[in-house]
Amino acid sequence: MPEALKLAELLGSLSYALDMTEGQPEGHCVRCCWIGVHIGRRIGLDEEAIWALYYTLLLKDLGCSSNAARICELYLTDDQNFKHDYKLVGTNVSQVLGFVFQHTGRNESWTKRLTSILNIMRNGDAIAQELIQTRCDRGARIARQLRFPESVALGIHSLDEHWDGGGRPEGLGGEAIPLNARIALLSQVIDVFHFSHGQAAAMREIRQRAGHWFDPQLVAAFEAVAQDGGFWETLRDPQIAQAVQVLEPARFTRPLDEAYMDDIASAFGQVVDAKSPFTAGHSERVGFYAEMIAQELSLPKAQAHWIKRVGLLHDVGKLGVSSAILEKPGKLTHDEFGAVKEHARLTEEILAKIAQFDDLSKVAGAHHERLDGNGYPRRLSAPDIRIETRIVTVADIFDAISAARPYHGANSPERTLEIMHNMVDNAIDRRCYDAIKSVIHREIG
């Protein structure tokens, strides 16, 4: 039997989903946690402060999905590559302008590209403020929902503030910037440059930004940490997640009861749904419908509740799909549809990082399988598709058809059920369809 699930293991594993939405290599947030906790200990933070810093670092990108669609709209580009490359841009204006020219509308006509570039040039300050404010506000709000103290929420909110006052969203400077935010930004830049260009490049970059982006005392603290060869060895280790779990001050951790697990599942569902204005509330509704279907089928209460949690997390892999594809109003190309299909596999892969979620990951990752064997990612057929997956599939399809999407308008519950009726016995389970039909008719009268 696996050991009891711990908060550090659960959130450390889910942080891999946040890496994807930022276009960062797998384990970015975990590596930032390794870096930042060492800085915190070097400057003498007590264990309670280290605990808050630990979760600020793991969850620093909680709000990052919320500006993905807007980036695609403004820059006519893939949000993930855009975010990844932007983190490697230097601090001078010419580098930033060069980045904008290089990345805006690369695959669009020259007219559309020029229009977008001119809009960005004219309104660049307001655009940057909007994108960062959206991300910071949402990240802090979700951190509070996850029951973390205000020091964690403020650390996430102020991630993009700079020591010289030139950052965002509030233009804070010096020690007015929360310490957790100062450490998190420094850790982020260290990991980005170390992963892309190596140890020497990371050290060179933070020295150049000391006194501008970074608190010079924190840079000095990291230079002391950097003398330890073992620190770098672990930072490069693919199994670093295990070392990071050990770093959490266990005396201050929170017990993972069922209610807290639900809050965490709901929070990450919100992170996923924030990728698109069209999917706001989708995961919550799928979880709700799935639980109602399970109850209608007279499944045990505990099983129905577990199925709701699957519904909340079923689309976490969409954080690995570009919003440029998810927001596309027209028909997807073969390659674009292939990228969308990847989200089911990614959902299973992310959730399977948690030993206690092995069963849940398989059910969630199969929600696009069809009874006739024409689904994805594994083309399972009816005998291999579990009742829990069949329930989530019907809940997901009902919400996807009834809610507005880039490629169709909203449909009434009655019209949605009519459309779904044609899918019975080939795509969806008849019992689950009859169950949601009963639930909807009861709810709307």
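Trainee: Which helix is Gly 36 found in?
Mentor: Gly 36 is found in helix H2, residues 28–42. Helices here are DSSP runs of H or I with at least four residues, strands are E runs of at least two, and both are numbered from the N terminus. This is a predicted model, in which local features need pLDDT of at least 70, side-chain atom pairs count only at pLDDT 80 or more, and totals for chains, interfaces and linings use all residues. Residues are numbered from 1 along each chain as its sequence is written, and side-chain values use heavy atoms, with hydrogens and water left out.

Trainee: Is Gly 36 buried or exposed?
Mentor: Gly 36 is buried, with a relative accessible area of 0%. Buried means under 20% relative accessible area, exposed over 50%, and partly exposed in between, using a 1.4 Å probe and protein chains only.

Trainee: What is Gly 36 in contact with, leaving aside neighbours within four places in sequence?
Mentor: Leu 53, Leu 57, Ile 183 and Ser 187. Contact means heavy atoms within 4.5 Å.

Trainee: New topic. How many aromatic pairs does the structure hold?
Mentor: It holds 16 aromatic pairs. One of them is Trp 213 with Phe 214, whose ring centres are 6.2 Å apart with planes at 80°, so the pair is edge-to-face. Rings of Phe, Tyr and Trp (its six-membered ring) pair if their centres lie within 6.5 Å; planes under 30 degrees apart count as stacked, over 60 as edge-to-face and the rest as tilted.

Trainee: What lies over the face of Trp 213?
Mentor: Arg 209, at 4.2 Å from the ring centre. A charge sits over a ring if NZ of Lys or CZ of Arg is within 6 Å of the ring centre and within 35 degrees of the ring normal. Lys 353 lies over the face of Tyr 16 at 4.3 Å.

Trainee: Which residues form an aromatic cluster?
Mentor: Trp 34, Phe 222, Phe 231 and Trp 232 form one.

Trainee: Last topic, helix H19. Which of its residues are buried?
Mentor: In H19, residues 358–365, the buried ones are Leu 360, Ser 361, Val 363, Ala 364 and Gly 365.

Trainee: What do they pack against?
Mentor: The buried residues of H19 pack against helix H16 (301–313), helix H18 (334–351) and helix H20 (387–402).
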